[in-house]
Every structure is written in structure tokens, then in C-alpha cells.
Amino acid sequence: QVQLVESGGGLVQPGGSLRLTCAASGRAFNMYAMGWFRQAPGKERECVSVISRNAGNRYYTDSVKGRFTISRDNAKNTVYLQMNSLKPEDTAVYYCAARATTSKTRTFLRRSDYDYWGQGTQVTVSS
């Protein structure tokens, strides 16, 4: 099993930046593909960005391409989401998720693909 704890959310003005951190505890973090999802009020939880075990493959939803960057440090059991040029429509609770997999390169895009979730961190973009 793995436990996930997100941090780094907050209130930021449009055009600003935040870096979200997801710290994992438990065994064999490098056996998990990781993802960041978000859920705005009244909306479905959506996939924002995912990364494979070896960080060789990454996916971004269209609305964040060129603004967000996902990365991971397997030695620190941590995955990051650097968010730049933030917009009000990025306002949501952001969740970190983990999925055990034997594939070093596969990524997973569906909410149902993931076995473990953090508690979420609020990101609010407003002037």
C-alpha cells in the first residue's frame, strides 16, 4: 500500500504560479504510476497530468499544456506539479493518485485506473 499527502495549494492571482507536492509513504514508490486530478465545484474529477514509473512518459490535458509540468523524484518518494500562468478556471481541489503497475512506461488517464488517493489540496486562482 501507499499513502499520499498533497501540499502546496493556496490562493494565487491570475498569472501566478504554484508547485504542488505529493509525498508518498509506504513501499516501492517506483512501482507506481502517478497522476494529478482536479475537481471543481459541481464538476466531475478530471485528469490533469500523469507520469509513468520511469518518468519517460507524461500526459497533460489540453487546457494545461504548456503551463503545467509534472515530475517525480523516486529517491524522495515524491511527485510534483508545477503550475504556471494560472487561470481562474484552474481553481479546484487537486488530488494525487497512485497506481501499481509492472510497466515502467505506461500511463493511466482514468480515475478508475488508480488505487490510492490523497486527501486533496485546494488551489484558488483569483484577483
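These legends walk through several close-up views of the predicted model shown above. Residues are numbered from 1 along each chain as its sequence is written. Because the model is predicted, local features need pLDDT of at least 70 and side-chain atom pairs count only at pLDDT 80 or more, while totals for chains, interfaces and linings use all residues; side-chain values use heavy atoms, with hydrogens and water left out.

**View 1. Tyr32 and Tyr116 meet as an aromatic pair.** The structure holds 4 aromatic pairs (rings of Phe, Tyr and Trp, its six-membered ring, with centres within 6.5 Å; planes under 30 degrees apart are stacked, over 60 edge-to-face and the rest tilted). Here the ring centres of Tyr32 and Tyr116 are 6.1 Å apart and the planes sit at 75°, so this pair is edge-to-face. Tyr32 belongs to strand 4 (residues 32-39) and Tyr116 to strand 10 (residues 116-117), so the pair ties together parts that are 84 residues apart in sequence. Strands here are DSSP runs of E, at least two residues long, numbered from the N terminus. Tyr32 is buried at 8% relative accessible area, whereas Tyr116, at 24%, counts as partly exposed (buried is under 20%, exposed over 50%, partly exposed in between, with a 1.4 Å probe and protein chains only).

**View 2. Phe37 and Tyr114 form another aromatic pair.** This one is edge-to-face too, at 5.3 Å centre to centre with 75° between the planes. Phe37 lies in strand 4 and Tyr114 in the loop between strand 9 (92-100) and strand 10, so parts 77 residues apart in sequence get tied together. Both Phe37 and Tyr114 are buried.

**View 3. Arg45 sits over the rings of Tyr95 and Trp117.** You'll find Arg45 in the loop between strand 4 and strand 5 (46-51). Arg45 lies over the face of Tyr95, 3.7 Å from the ring centre, and its charged end is also over the ring of Trp117, 5.0 Å from the centre (a charge sits over a ring if NZ of Lys or CZ of Arg is within 6 Å of the ring centre and within 35 degrees of the ring normal). Arg45 is buried yet has no salt bridge (a side-chain nitrogen of Lys or Arg within 4 Å of a carboxyl oxygen of Asp or Glu). Its nearest side chain of opposite charge, Glu6, is 7.4 Å away (Lys and Arg count as positive, Asp and Glu as negative; His and the chain ends are not counted).

View 4. The structure has 5 salt bridges in total. Asp90 lies in the loop between strand 8 (78-83) and strand 9 and Arg38 in strand 4, so the bridge ties together parts 52 residues apart in sequence. Asp90 is buried at 0% relative accessible area, and Arg38 counts as buried at 6%.

**View 5. Asp113 and Arg110 meet in a salt bridge.** The N to O distance is 3.0 Å. Asp113 is buried at 10% relative accessible area, but Arg110 counts as exposed at 55%. Elsewhere, salt bridges that share partners join Arg38, Glu46, Arg67 and Asp90 into one network.

Technical notes: Helix = DSSP H or I, 4+ residues; strand = E, 2+ residues; numbered from the N terminus.
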